[in-house]
Amino acid sequence: MRTRSRPRGSVRPRGPLHGVAVLLKDSNNLYAEMLLKRTDRDGPSDYADALAKERLFLTGAAHVDPAAFEFADGSGLSPENLVTPRALTGIIRYMHAPERRGVFTLLLARPGEEGTLVRRLPELSDRLRGK
């Protein structure tokens with residue numbers, strides 16, 4: 001007689017923002033590199049193509065001055081990465097626009113919860129988000 005095994009757990013498919021959440025909440029550099037390289041819908045991009053698309057987005061959609069940043073990788077670990085405070089503020093302003101704010105805020109780390117702020121600043125959990 002054949003017996004069926006009972007499921008011991010379940011696996012839920014992860015949505016498209018899962019990787020972005022891991023990247024932002026946990027500050028996962030590998031996810032950052034993978035996300036940069038996946039800027040092409042047809043498959044992985046090389047660094048030159050991916051960085052060109054990132055530059056086009058930042059200077060076009062986010063209106064960041066092209067002289068205010070230079071990126072060499074996706075993780076931000078390269079000493080060749082440069083960004084001015086004004087450029088970073090512009091990127092945050094772009095992400096904080098009403099049509100993007102809700103999802104962006106949910107993807108950031110929150111004090112006392114998962115991510116880089118899990119053991120930091122718990123008294124600010126109702127008003128602080130960070131990467």
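I started with the largest pocket: α1 (18–26), α2 (29–37), α3 (47–60), α4 (85–95) and α5 (98–107) each give at least two residues to its lining. Helices here are DSSP runs of H or I with at least four residues, strands are E runs of at least two, and both are numbered from the N terminus. A pocket is an open set of points on a 1 Å grid over the protein atoms alone, where a 1.4 Å probe fits, with protein on both sides within 12 Å along at least five of seven lines; lining residues have an atom within 4 Å of a point.

This is a predicted model, where local features need pLDDT of at least 70 and side-chain atom pairs pLDDT 80 or more, while totals for chains, interfaces and linings use all residues. Residues count from 1 along each chain as its sequence is written, and side-chain values use heavy atoms, without hydrogens and water.

Of the 38 lining residues, Leu23, Leu24, Leu35, Glu54 and Ile91 are the closest to the centre.

Then I turned to Asn81, in the loop between β1 (69–70) and β2 (82–83). Is Asn81 buried or exposed? Asn81 is buried, at 15% relative accessible area (buried is under 20%, with a 1.4 Å probe and protein chains only). The Asn81 side chain has a polar atom 2.5 Å from the backbone nitrogen of Ala72. I also found a polar contact between the side chains of Asn81 and Asp73, at 2.6 Å (N or O atoms within 3.5 Å, one able to donate a hydrogen and the other to accept it; sequence-adjacent residues count only if both atoms are side-chain atoms).

Last, I looked up Tyr94. Beyond neighbours within four places in sequence, Tyr94 contacts Phe57, Ala61, Ala62 and Arg100 (contact: heavy atoms within 4.5 Å).

Conventions. Buried < 20%, exposed > 50% of the residue type's maximum accessible area, 1.4 Å probe, protein only.
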